[in-house]
Every structure is written in C-alpha cells, then in structure tokens.
Amino acid sequence: MRVGVVGLGTMGAGIAQISLTGGHETIGREVSDELAARGRETIERYLGRNVEKGRMSSAERDAALARLTLATDLSGLAECDLVIEAVLEELELKREVFAELDRICRADAILATNTSALSVTSIAEATAYPERVIGMHFFNPAPVLPLVEIVRTAKSSDVAVDTAYEWAERAGKQPVRCNDTPGFIVNRILIPLLNDCVRALAETGVEPQEMDRAMTNGAGWPMGPCALIDLIGIDIHVHASEALHAKLGEERIAPPKRLLEMQSEGRLGRKTGRGFYEY
Ligand SMILES: NC(=O)c1ccc[n+]([C@@H]2O[C@H](COP(=O)([O-])OP(=O)(O)OC[C@H]3O[C@@H](n4cnc5c(N)ncnc54)[C@H](O)[C@@H]3O)[C@@H](O)[C@H]2O)c1
C-alpha cells in the first residue's frame with residue numbers, strides 16, 4: 001500500500017514510522033523542507049534506537065528509511081491508497097486539508113484523521129466523498145502504544161473501516177472499531193476518571209504518592225493517576241478535559257481546580273520538571 005502522512009510532528013512522525021516498518025512506501029508531507037527534514041530526523045533517531053536495543057537490524061532500518069519520501073505539497077499524495085492526517089488540532093485547518101485531499105486523491109483512497117477530540121463527521125463533511133473518511137486515533141508514542149481507535153462516522157463505508165483496521169493490525173497494532181462520539185473510547189473514560197482521582201486527593205486526605213499506591217495496588221493500574229497526568233502534561237490534560245466537558249456537559253469531566261492551579265503556576269508535569277512529583 002502507498003501511505004501518505006500529513007504532518008510529521010509528534011504524532012505524524014510516529015505514524016510514518018509505523019507505516020515504514022510495516023513495509024509501506026510512505027510519503028510524509030510537511031509545510032516546509034526544514035520541517036520535513038526534521039520529521040525524517042525524528043524517524044531516523046527512533047529507528048536507530050530500535051537498532052541499538054536489538055529490536056531491528058541496521059539493514060531493516062535502512063530498508064524502512066528507503067521507503068520514506070518527503071513532500072511539501074499535498075499533491076505529492078495523489079497516488080496514495082491511505083492518507084493519515086496528523087496536523088494541529090484545529091477543525092478549520094483539518095477541514096481544509098481534507099477538502100484538498102478529496103480533490104487530489106483517487107476516488108478509492110481512504111482518508112483518515114488522527115484527531116483526539118474533534119468530530120470526525122465534521123471533518124468528513126468538508127469532502128465530496130465522506131464515505132471514505134474515518135478516524136485512526138493513535139496514542140502517544142504511536143510506535144510504542146498498541147491501541148488504534150478506528151472511528152466510524154454514520155457515513156463511513158465498511159470498506160474504509162475494514163481496510164484501516166486490517167492495515168493497523170498488519171502493522172502490529174491492536175485496533176478497536178468505535179463510533180464517532182466525543183472522546184471515542186479511551187479519552188471518554190480516562191479523562192473523567194483521572195479528574196475523579198485528583199478531586200479524591202483532597203476528599204480522602206491523601207498525597208499523590210498514596211493515591212498512586214492505592215490505584216496501582218488496589219485496582220491493578222500499571223501507573224498511578226498522578227504519575228500518569230504528569231506524563232501526559234497538566235496543560236494537555238486540562239485542554240482535553242475542557243474540550244470533552246464542552247461536548248458532554250458532565251461536571252466530573254471539567255478540569256479540577258487543583259489542576260488549573262498547577263497549570264497557572266507552570267507545574268506542567270515531567271516536561272517542566274515539576275507536577276505532582278519532582279523530576
Ligand atoms: N500528542 C498527542 O499525545 C496526541 C495523541 C493522539 C492524537 N493527537 C492528535 O494528533 C494531531 C497532531 O498532534 P501532534 O501532537 O503531533 O502535534 P504537533 O504540534 O507535534 O504537530 C503538528 C503538525 O501540524 C503541522 N501544521 C501546523 N500548522 C499547519 C498548517 N497550517 N497546515 C498544515 N500543517 C500544519 C505541523 O507542521 C506539524 O507537522 C492532533 O490532531 C492531535 O490532537 C495527539
């Protein structure tokens with residue numbers, strides 16, 4: 001299959017890497033040559049790490065990299081069978097990208113968005129052929145985390161959904177099909193649950209370390225909720241909570257006061273060296 005990836009940022013570079021190691025000719029599109037080169041460097045670096053750790057041979061890395069081409073114009077994706085979009089989380093931008101892909105790509109090409117919180121249906125409405133539009137929601141870091149939510153709108157065709165599902169499965173992922181609803185599966189559950197955990201800190205009078213010990217030892221979580229929010233980033237989690245709260249209106253989805261305070265103090269988690277924990 002020939003695969004296009006629009007945007008080689010955090011998620012796009014990871015998705016392109018999955019496609020390359022899955023054996024596909026992959027075209028990565030960036031807005032400038034400089035960003036495209038940076039995207040290639042990211043992929044090279046991660047593949048290099050896999051070689052160092054003995055997960056792949058250097059010949060396999062070279063073969064994967066040889067399947068990558070770069071483009072700065074969307075027209076470079078005209079011959080792709082599957083295009084996965086991973087540009088900034090802005091509805092108007094994604095709609096513009098999809099309207100153009102719809103004009104450029106063959107009628108049987110599948111167009112997928114990696115949006116976390118936008119409506120796939122609203123993105124698909126920018127095209128003349130919404131039946132070929134689906135969501136493919138990867139998790140960060142995409143080459144490491146197995147889940148891909150394959151998101152179906154009311155108009156998505158079975159062929160589009162099944163082809164994306166099989167593509168992800170062959171690339172070594174664990175895809176799950178779901179409807180186009182706010183937060184899809186994981187964020188719909190995880191965001192309110194993490195916010196419950198933060199509110200329960202004060203209610204139960206426990207420190208983050210104790211909360212994390214409770215949830216790892218009592219609920220079998222692989223990582224405690226406070227450590228997980230630090231890893232996600234307080235700002236990212238607050239933003240995701242606000243977006244989901246705006247759509248579903250349930251109070252427990254709104255970001256807790258404690259997280260808003262941490263955000264305004266610049267305690268954003270691992271990336272700033274301080275969150276619930278010091279790093
Ligand atoms: N980071 C995560 O944890 C995560 C997880 C799952 C899904 N997502 C989703 O993936 C998508 C990308 O997120 P990211 O974290 O990779 O962001 P990022 O900031 O790392 O990358 C953004 C990309 O958008 C491109 N871009 C910016 N302005 C553009 C424009 N005007 N036209 C075309 N391209 C433009 C950039 O060049 C870059 O390639 C978003 O929809 C996000 O919600 C992110």
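I began with glutamate 92, which counts as exposed at 51% relative accessibility, where exposed means over 50% relative accessible area, buried under 20%, and partly exposed in between (1.4 Å probe, protein chains only). I noted that this is a predicted model, in which local features need pLDDT of at least 70 and side-chain atom pairs count only at pLDDT 80 or more, while totals for chains, interfaces and linings use all residues. Residues are numbered from 1 along each chain as its sequence is written, and side-chain values use heavy atoms, with hydrogens and water left out.

**Salt bridges**

I then looked up the partner of glutamate 92 and found a salt bridge with arginine 95, the closest N and O atoms being 3.8 Å apart; the term stands for a side-chain nitrogen of Lys or Arg within 4 Å of a carboxyl oxygen of Asp or Glu. Both residues lie in helix α4 (residues 91–104), 3 residues apart, about one turn of the helix, and helices here are DSSP runs (H or I, at least four residues), as strands are (E, at least two), numbered from the N terminus. Arginine 95 is partly exposed, at 24% relative accessibility. By the salt-bridge rule I have a count of 17.

Next I turned to aspartate 162, which forms a salt bridge with arginine 177, with 3.2 Å between the closest N and O atoms. Because aspartate 162 lies in helix α6 (residues 158–170) and arginine 177 in strand β8 (residues 174–179), the pair ties together parts that are 15 residues apart in sequence. Aspartate 162 is partly exposed at 28%, and arginine 177 is partly exposed at 40%.

I also wrote down a network in which salt bridges that share partners join Glu79, Asp81, Arg106 and Asp108. Within it, arginine 106 pairs with aspartate 108, the closest N and O atoms being 2.9 Å apart; arginine 106 is partly exposed at 28% relative accessibility, whereas aspartate 108 is exposed at 57%.
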